[in-house]
Number of protein chains: 2
Amino acid sequence: MTEPIVPKIEDQALKENAAKPKKEKPAKAPKEVKAKAPAKKKIEGAEMKGIDVAKEDDLAEWYKQVLTKAKMIDYYDVSGCYILLPSACYIWRTIREWFTDNIETLGVEEGYFPIFISEDNLTREKEHIEGFAAEVAWVTHGGNSKLEKRVAIRPTSETAMYGFFARHIQSYQDLPLKLNQWNNVVRWEFKHPMPFLRSREFLWQEGHTAHFTKAEADKEVLQILDWYAGIYEHLLAVPMVKGTKTNNEKFAGADYTTTVEGFIPSTGRGIQGGTSHMLGQHFSKMFDIKVEDPEKGPNGEAKPAINVWQNSWGFTTRSIGVMIMIHSDNKGLVIPPRVAKTQVVIIPVGVTAKTSEEKKQELYGDVEKFAKDLRGTKAWDIKVRVETDTRDKYSPGWKFNDWELKGVPLRLEWGPKDKEAGVLTYSRRDTGAKSTIPVGDLTTEVPKLLETIQGDLFTKADAEYKEHRKEITNWDDFVPALNSKNVCLIPHCEGDDCEDEIKKMSARTSEGDSAAEDARAPSMGAKSLCIPFEQPDGIKEGETKCTNPNCKELAKRWVMFGRSY
Amino acid sequence: MTEPIVPKIEDQALKENAAKPKKEKPAKAPKEVKAKAPAKKKIEGAEMKGIDVAKEDDLAEWYKQVLTKAKMIDYYDVSGCYILLPSACYIWRTIREWFTDNIETLGVEEGYFPIFISEDNLTREKEHIEGFAAEVAWVTHGGNSKLEKRVAIRPTSETAMYGFFARHIQSYQDLPLKLNQWNNVVRWEFKHPMPFLRSREFLWQEGHTAHFTKAEADKEVLQILDWYAGIYEHLLAVPMVKGTKTNNEKFAGADYTTTVEGFIPSTGRGIQGGTSHMLGQHFSKMFDIKVEDPEKGPNGEAKPAINVWQNSWGFTTRSIGVMIMIHSDNKGLVIPPRVAKTQVVIIPVGVTAKTSEEKKQELYGDVEKFAKDLRGTKAWDIKVRVETDTRDKYSPGWKFNDWELKGVPLRLEWGPKDKEAGVLTYSRRDTGAKSTIPVGDLTTEVPKLLETIQGDLFTKADAEYKEHRKEITNWDDFVPALNSKNVCLIPHCEGDDCEDEIKKMSARTSEGDSAAEDARAPSMGAKSLCIPFEQPDGIKEGETKCTNPNCKELAKRWVMFGRSY
């Protein structure tokens, strides 16, 4: 019951010549908004239901309004918890199916481990519990009875799963063991919560695998990371930088952590997109997961048992928030076609008081027929998802705003003039560009156009990210670059303390006189986001110094630093 | 990314003439085992890994062994919680996809509401909280901090969701609202836990809908119930009886509860399979979910606002336990083909010390080719799932036992003799029957055979259930019928107290002298399972008395009573 592995975005309609919409007019240039307008201004085109604050004025308030008014989430009476509405769940389901199809090719199977973890197990790996202790939610009562032993709600499932691994893995022939689960986890953070980006409960998948050799584990970690980047790039149209976390930033209990790191242009901050960890033998030693070595010693004697090499990797609903932060605008959501629950809306227009009932019904009938035809086509190998909006009580303009708010990628209009000309008028949500499609080309052009929109969204975001990744070799340029909403690659010694120092030194405003945080002019320190796999040139071994002026070490690699979520 | 709605089982290969396996030999008749053998006997064919207690001797121990040795679940160090392994998750995923495809045709959308419920909300509907208070798990601490207000883990999500319903439903045009979520819920029961059947955490779907009229709600409740029966009948090959719960047994806070009720032949007990509730306006009054009436009064005045009519319906992983209890046997699991992660295993046979390496590799090559060919075919419109077992260190006999333990529906054997004859030998897991398939017919016969097995499993279980549903009109026959492992339909007054009395009166052994429970000779009282939709004849209005001899009331309907899980 699974879909075929979807082709990569490059393979399909994103090529230059894929879908050439006819005579596309650029959207009206949006009125320029000054970066720090003192008062919240009314957004052009917004109405009662629309968004009444600009993304560039107050990102946090804009984000909240976009999510709630477009019915992506709703707020809830337990702090840090949010209601995910159908358009959010649709995105998550698409991610789930795509990723499942991919990991199944590696032989990863689906399991489900309990939400509760005994305190004994949770605390077994020392570094791990230190990383999570502060945010574990504890169940102490069942009904009116106090439990003999309190139980933790999983913040992640290493310690829930590895007792099973120890029982199940009896011989090297039971390896590799590869399990994945889709579930909810709880991290009772006390920082300011934000829907998707920082919530106390979130949905994710967590994969846990055990291998006989380190080499196998290393290979899988990277394969998974590629698919995490793939979810962002091919589904969410969001560019990522792949790399390794520094020692300071790696997962609690891992040998090393690989990561995909994204970028929010509005704030110039980095954001972690998903992590794939090589756990080494830390957990296998604590949980006693080991197998006999099938090779014998020189005299035929058994060699010591070998602890297995483990990976864990997780991808969360945070990704949906990243996507929204990047693509959406002052009219509301902008959802990439591949993950949009509704990809196309068809709206009848030009019906006035003078239009006869017969003509109106004819137009409405056409609209339903177009919808039916389009539902028979596929984009990205999946049936096109089409709605019609024939609600009489709303004007076309009201409907346009409503569907724009919801982020539907493509709007088609059909009125008497269109009928006369034998074309449908369309409007792209991403660019606002309008043009027409001949009726006869509808079922071929719309799927192409959806893929074009998908590709254009990625291309735009990718260019923006590239433009805001600055290679800096002079410390004096570092903080100003951060203040201009960039992330910075710098030659770095990879020392833990040096990294901490850079964080402190960059926790100032451009005036250099305050370390206070301010949402509008972020002055938080820059932390290391990752050591990118793709390294710029310019570091000379034994010569290039660490960019931190107080550091005496030589630079090892370019490290990406940035203010971050 | 959804599969097409699957055809009903009747439509497909279950017709008499579907797959006629050639010259099928019946399996060896199992040796008869006396019902109450004093000692646990060794099971024929079982080996080290096999099951060492008979289903008919000690059902609870057998169940535990089947589940763990066949790697369907594993035990866990938090009581009442179990690990679901891939073959269990596969079944759940199939159920999820099938049910999702169906409810989408009703316009039900997917949402996700938080796992935590505030105490304020949880306790808002009085009957509801009374039903759940004793088993709610409470989170009181986050990290080392005591929470200001403790939060409940959802035992079900009515009270998590209906605040949103109240905010979202502003007008009758926002109706119907239909949301479904797939999640985990926690009921901290203190009764003896059993994997799948009674666990503290379980997976389920819960649908919650709001309607403008009662008639709409009534209709949906029944449609959902049909699909619940469909999951059992078409996927799990388990027969169900549809009906309404009596007042005593309905959901806490519902107007009425419809249910599908199954039957475990080994114990003669009933088991609830899934429930679909019409909540009436109980919750909509407590949560203030109401809309203006679009109709005006006689003088054009607004009518009072109308509280919406609500349904909720849930289906859980318990269903997997029911399926296992019914079909599996002393060799291990028997999994119906439609939900089996592996449907076919191909095992090379007849390789001896004398077989040349070349011949062996040729056989192994054939086996892989057969597997590949079969993977290109479909049964029940889904690709056939095939494994091969070419592990050299195990004998064919060992492998046969191993795959039988795991419940794989169909085994194919391929050895030098088969090759000479141009046939594969097969063995059905459900009946043990063996026969052959000509090599050329493999890709047409195997899919048919899988559907035949699916149908035969249902037919057998259905006949068994029918045989054990006794229509009883004389009280003296009631307890003996229960003691002979039946459920009983009796003319009943539908009075709450009378029902309680029947429970007490039937909580005796056949000797009538003890109310003590005993797992081997269950003497628990019979509770009402449901009022079946399909009513036998025989109740004469104003004439037929309630079957309880102490009850003076007239019978209203046939009510199904039974000892139960």
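Predicted model: local features only at pLDDT ≥ 70, side-chain atom pairs only at ≥ 80, totals over all residues.

Me: Is D288(B) buried, partly exposed or exposed?
Reply: Buried would require a relative accessible area under 20% and exposed one over 50%. The relative accessible area of D288(B) is 45%, so the residue counts as partly exposed.

Me: F196(B) is also not a glycine and has a positive phi; what is its relative accessible area?
Reply: The phi of F196(B) is about 70°, and the residue lies in the loop between β7 and β8 (201-211) of chain B. With buried defined as under 20% relative accessible area, F196(B) is placed among buried residues by its value of 6%.

Me: In the open sheet of six strands, which strands stand at the edges, and why is one side of each left without a neighbour?
Reply: The strands follow the order β4(A)-β6(A)-β5(A)-β5(B)-β6(B)-β4(B), with antiparallel pairing. Each edge strand has a single partner strand, so one side of it has no neighbour in the sheet; these strands are β4 (116-118) of chain A and β4 (116-118) of chain B. From one strand to the next, the twist averages 50°.

Me: Which residue of β6(B) is the bridge partner of I117(B)?
Reply: β4(B) and strand β6 (residues 145-153) of chain B run antiparallel and are joined by three bridges. Within β6(B), the partner of I117(B) is A152(B).

Me: Which residue in the turn of the hairpin formed by β20(B) and β21(B) has a positive phi?
Reply: Strand β20 (residues 423-428) of chain B pairs with β21(B) in the antiparallel sense over five bridges, and S427(B) has K434(B) as its bridge partner. Strand β21 (residues 434-438) has a covered face made of S435(B) and I437(B), while K434(B), T436(B) and P438(B) form the uncovered one. Five residues separate the two strands of the hairpin, and the turn residue with a positive phi, of about 80°, is G432(B).

Me: How many residues of α2(B) are buried?
Reply: Helix α2 (residues 86-104) of chain B reaches 26 Å from its first C-alpha to its last, close to the 27 Å expected at 1.5 Å a residue. The helix is mostly covered, and of its 19 residues the number buried is 18.

Me: How many residues does the largest nonpolar core have?
Reply: Among the residues with the most contacts inside this core are F116(B), I153(B) and F165(B). Leaving aside neighbours within four places in sequence, F165(B) is in contact with residues including L177(B), L179(B) and I289(B). The number of residues in the core is 80.

Terms used: Residues numbered from 1 in each chain as written. Chains lettered and ligands numbered in written order. Heavy atoms only, no water. Helix = DSSP H or I, 4+ residues; strand = E, 2+ residues; numbered from the N terminus. Expected span 1.5 Å × (residues − 1). Buried < 20%, exposed > 50% of the residue type's maximum accessible area, 1.4 Å probe, protein only. Core = buried A, V, L, I, M, F, W, Y, C linked by side-chain atoms within 4.5 Å. Contact = heavy atoms within 4.5 Å. Pairing = 2+ DSSP bridges. Axes fitted to C-alpha atoms, helices over the stretch in contact; angles between N-to-C directions.
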